[in-house]
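Dear colleague,

I am handing over the structure below for your review. My findings follow directly after it.

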Amino acid sequence: MNIHIFKNKKSLDEAVSRLLIEQVNKHPKSVLGLATGSTPLGIYKQLMDDHKRHKTSYQDVVTINLDEYVGLDKNSPASYQSFMKVNLFDALDINPKNTFIPDGETKDLDAACQAYDDIMKKHPIDIQLLGIGSNGHIGFNEPNTPFDSETHIIELALKTRTDNAVHFKSLDDVPTQAITMGIKSITNSKRILLVATGANKAQAVKGMIFGEIDPILPASVLQTHPNVDVFLDYQAASLILSSK
Ligand code: GLP
């Protein structure tokens, strides 16, 4: 794992977006694995600004998102469909047909999981952008998800629902289940960029880098991947800096 620590969020966002822009410019048919949450917002803003100023084109890019809530209307502002449209896709020249997000609304969730695995087989991910949950989850792979998992339905941990309640009217409105790329699907990506900011991620970040490789902390699986870059601000890095 290559660890990069930044003194502020802006320089972190610039460094990560630069890598993504370089990838798209070099390989216009890149497949990007994308994440939601507050963490990538600044990175997406950089991509949108760059598209406007330098005309980096996403016409042939394919994007595959990590996850989606189950049972939430796609058009609800809290759905990851809406999140991606508002915070990235609508401002790029990307073809909506090339943007994939798991279908959490369908009655046949098993078929939706299978369909998503088929999409990833057809479009292997070049770079996967990842956040991390405060309990160490990646995508929505909660603690104790098997490392060999593919796309599946997961019961969300109360901690995750509480953390994400800010995007809903109340905790009760946060769905209890999600459909997520599995851990194997994530680690199949050729390159992984994991981003974590803020003190509430410090414990999970320390475990991810120095802890045992164990499904209890899903992100610890990244120690086994040959091409991972971790981007941290000082707050998220605080426990690894103090343990040196
Ligand atoms: C959600 C998403 C994850 C994301 C995590 C952290 O649970 N499913 O993909 O990494 O939240 O979110 P945030 O960046 O808002 O802290």
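Of the 14 residues around the ligand, those that come nearest are S38, T39, D67, H137 and K201; a residue counts as near if one of its heavy atoms lies within 4 Å of the molecule. This is a predicted model, in which local features need pLDDT of at least 70 and side-chain atom pairs count only at pLDDT 80 or more, while totals for chains, interfaces and linings use all residues. Residues are numbered from 1 along each chain as its sequence is written, and side-chain values use heavy atoms, with hydrogens and water left out.

Polar contacts are pairs of N or O atoms within 3.5 Å. A ligand oxygen atom lies 2.4 Å from an N or O atom in the side chain of T39, and one is 2.7 Å from a polar backbone atom of S38. For the side chain of N164, the distance from an N or O atom to an oxygen atom of the ligand is 3.3 Å.

Turning to the helices (DSSP runs of H or I, at least four residues, numbered from the N terminus), the axes of α2 (residues 41-54) and α3 (residues 80-87) come within 10 Å and cross at roughly 40°. Axes are lines fitted to C-alpha atoms over the stretch in contact, with angles from 0 to 180 degrees between N-to-C directions. The two helices α2 and α3 are therefore oblique to each other, a class left after angles under 35 degrees (roughly parallel), over 145 (roughly antiparallel) and 65 to 115 (roughly perpendicular). L41, Y44 and M48 of α2 make the contact with F83, M84 and N87 of α3, where contact means heavy atoms within 4.5 Å.

How values were computed. A polar contact is a pair of N or O atoms within 3.5 Å; within protein, one must be able to donate a hydrogen and the other to accept it, and residues adjacent in sequence count only if both atoms are side-chain atoms.
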